[in-house]
Amino acid sequence: MRNRQILLEKLEKFTQGHRDRVAIVSGGPGLGKSWVLEQIGLRLEGQTHRFIRSSKHDSAWPLSGLLSFISAIPLKLSPEISGLIPDSTDSEVDRYRIAKALLQELTEKIEPDTVFLVDDLDLMDPDSQRILGFLASRLQGNRVSFIATINSSASPEAFDVFQRFHLELMDSLSLKQIATAESTAGLQECVAEILVYFAPGNPGTLLEHVRSLSEAQKSNQEPLTLPYHPRNESSSTLRALEECFTPTQMTALRYITISPVLPYDVALKLPEVTEHDLRELVNAGIVTFRQEFLNLPNTPIRSHLFWSIGSLQRRQMHQLISEAANSIELKLYHQSRVDDSQIPSCQLIRGSISLVVAGLIHTAIEIVEWALSRLGTEHPVPELLLFVQQLIRSGQLGIAWRYLKYAGSFTLTPDEKLRLLNHEVELRVLEGSIIPTSSIQSAVEEHHVNNLALSANLMSVSALALCLDGKLDEAHTDLQHARRLFSEAKTAPSLRFQHAQVVHDSYTGNQASVMSSYQSVIQRKTADVNGITSLTVASALSTLGYHEQARTVLLPLLDGANTEVVYQSLGLLYEAQFAITAHDVPRALRAVERWNASSSVDLMRPLPSIINAWYWIMKDRADKAGPVLDALRPFVIDQLPSIYSTLVTELQGLQALMSARFDEAITYFQQTQLAYGEIVSIHYVETCVNLIEALSCAHRVQEAANEFRAIQSLMARISSRHAKMLMLRAQAIALPGDISFVRFQALLDMWQPSDGQLELARIHHCFGTRLQTAGRQEQSVEQLSVARTIYRNIGALGWAQRVESQLSNFTASTPEDTYFKMLSTDEAQVVAMVRKGMTNKEIAEELFITVSAVEARLTRLFRKTGTRNRQQLSAHFASPSN
């Protein structure tokens, strides 16, 4: 949506005194070119503007496009111009004389600042295009604007000199916003999810579908009609298809149209369908062929073609397909289209579950919507809940909501109420949204006798929700309640109970229990470990700062060992978040890019936005990070579990700290501390360290010392090495005078490669900042320069820029010799020889030492300077600017 808004702002400039007043908007069918013109029209309220809509008919008659333009003005043609208009289709057109005469009349009669909005300019006849191109160019001097849309990638010849803007596919969130804005009545979000799924990236297709819905369909009270009824007439679409394809190819296309998908081998069994015809349809791009299935993916064309076929002819075609079909699910669907009373709707919904498993989501949805439209007295709730369960496993959370809410519209038994609520909370867990713990507790209290095990599972989810909200005592109570219910049901605790227990253990610092769960997971075969178990245990390990162990648990999901789409997608998302928590910047940057390249972006909201905000902060792209953080801010209050809202405010504080807005950073970090409540995790420790750093940078030294003393016992509850290094850095920042410098040096000596390059850079950075405050310029430059080098090497450009600004505050540049002052005599010799291009063997011979001794000195130099190889080491000492 943001890209479309930016485009509208650019196009608006072409209507308001911009030097160039002609713009072309290009894009394929369904990308929303007409919508763009409509939006421009809305922005021109009070300013004269005219719409000219072209059609395929305009290319069939001489100057028909120009006449449409003239009638839109409206302009009464003078006798001179009327005499130039040809009176037959084979007459020649004197374009220049017509254009010149029209220009004279339009210059006199059109008001300045008039805007012409021409839709589908490339559908006009070539003569009209040339004349309009001439007029558009000349009328710019009269402050007259032309904004036109075209379907092709190249502008018509007469307009190819003007600026062109190409429309790209839109993301699903933007499409949902457009659908909601377009709907006069309340369009339910879960219905919008279906519409977006059937119009991937195409706002024009989406809007046409929205306009076809009844009010009851928009409010999720009635099934959807798929394919939708097109509101526009279909004759031009059909004529265009018939001009492109032979009669037998059109027959094949109609068979494909009436089927959600048509197996290739079934298509060959149908009358008048040949392999050549199918191949031609695929080669033409109108039909896709994947996984042995044929499909017509263009939703508008399919809708127009589907409803152009008479109902009797459709039934006959469905009969032929059902007789040839091998798949029981598709056979039942086509039989139900032939005889509405023959096949129960519940049977169709059950069959759709296997289609979701096979990845045929579109097909499954279309069949279920058809089944719901013919229910009669059937009660489909059990089948719908099974369908929802499979949609969840396939990562289709928004679509799952549609059928979950639809199931809720029926009269439910107590057991069905519990099952429906169980699916609802599972969806909320995967979405990362607020879980209604009070509703769970009320439902369990009222209905637990009907299903003790299901009630126990719900109480487990309630405990998980309370953990995520920082209410650990209440979570403990719900876990005990769940345990009692499982005991009464005489069943073992569910996986969700075990997951809630692991999360509770990680937030309360019960490391022994978490490590026990870790051992249990790695000792079992990968195939025997549930995906959510892997994610939960990995998350608990990451929370406590055991990053290598967390990645060990996560790797099978990243390698595709689990076939369920939702867990594979969550594995990608968690990989990014865990790498960020572990301070492994290069891995985290790559992981965020892999996540963005994947298709599942609606999981664990707003975690995808959080990792992207972090990504752009590290890239030093405030222009990118800012809009992401701005979009997250409304969610922080009362719309997210506290565990996610803390990540948002922590990022805001981090960005402020990098930008030297220390008072703002302090406020954010203090808010984050409070939001953690009873949780003490590696994130909490990092927040405390960042707060102490911000206080120190703001010259509130005593407050920094007081803060460290106040929270050091809490931070000590996390005993991982990562937490220990963070605490020691906080202590070094908080301590006064020379003792602070001693602690920083000790930290540098303690650092190990497993602690991560970012932590090494942060130590050097904080050390350099303290030295800078103490007025020790040369020593400060040494530390800050090393920090800058490491930041750049690992891709933490936001931090590198912060150091750059600190170094720019020094009054004089530091000579090259300053860089050598941090080295011992032996190390300086090695650096000098490396810069000369000497090999390790040559250095060893020169210094009368072994090659392994040279390698050891180089390793120490890499560590001390934050470099990774001989080239970086040489560049580091080559100039103060490096």
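A660 is partly exposed, with a relative accessible area of 33%. Here buried means under 20% relative accessible area, exposed means over 50%, and partly exposed lies in between (1.4 Å probe, protein chains only). A660 sits in the loop between α34 (642–658) and α35 (662–675). Its phi is positive, about 65°, although A660 is not a glycine.

This is a predicted model, in which local features need pLDDT of at least 70, side-chain atom pairs count only at pLDDT 80 or more, and totals for chains, interfaces and linings use all residues. Residues are numbered from 1 along each chain as its sequence is written, and side-chain values use heavy atoms, with hydrogens and water left out. Helices are DSSP runs (H or I, at least four residues), numbered from the N terminus.

Now go to D620. D620 is not a glycine, yet it has a positive phi of about 60°. Its loop runs between α32 (607–618) and α33 (622–636). D620 is partly exposed, with a relative accessible area of 39%.

Next come the cis peptide bonds. One joins I73 and P74, with omega about -15°. P74 is in the loop between α3 (64–72) and α4 (79–84). Another joins L226 and P227, with omega about -5°. P227 is in the loop between α10 (215–218) and α11 (235–244).

Finally, look inside a helix. L454 belongs to α24 (residues 452–468). Is L454 buried or exposed? L454 is buried, with a relative accessible area of 11%. Leaving out residues up to four places away in sequence, L454 touches D415, L418, R419 and N422. Contact means heavy atoms within 4.5 Å. L421 is 33 residues from L454 along the chain, and their C-alpha atoms are separated by 9.9 Å.

Notes
Helix = DSSP H or I, 4+ residues; strand = E, 2+ residues; numbered from the N terminus.
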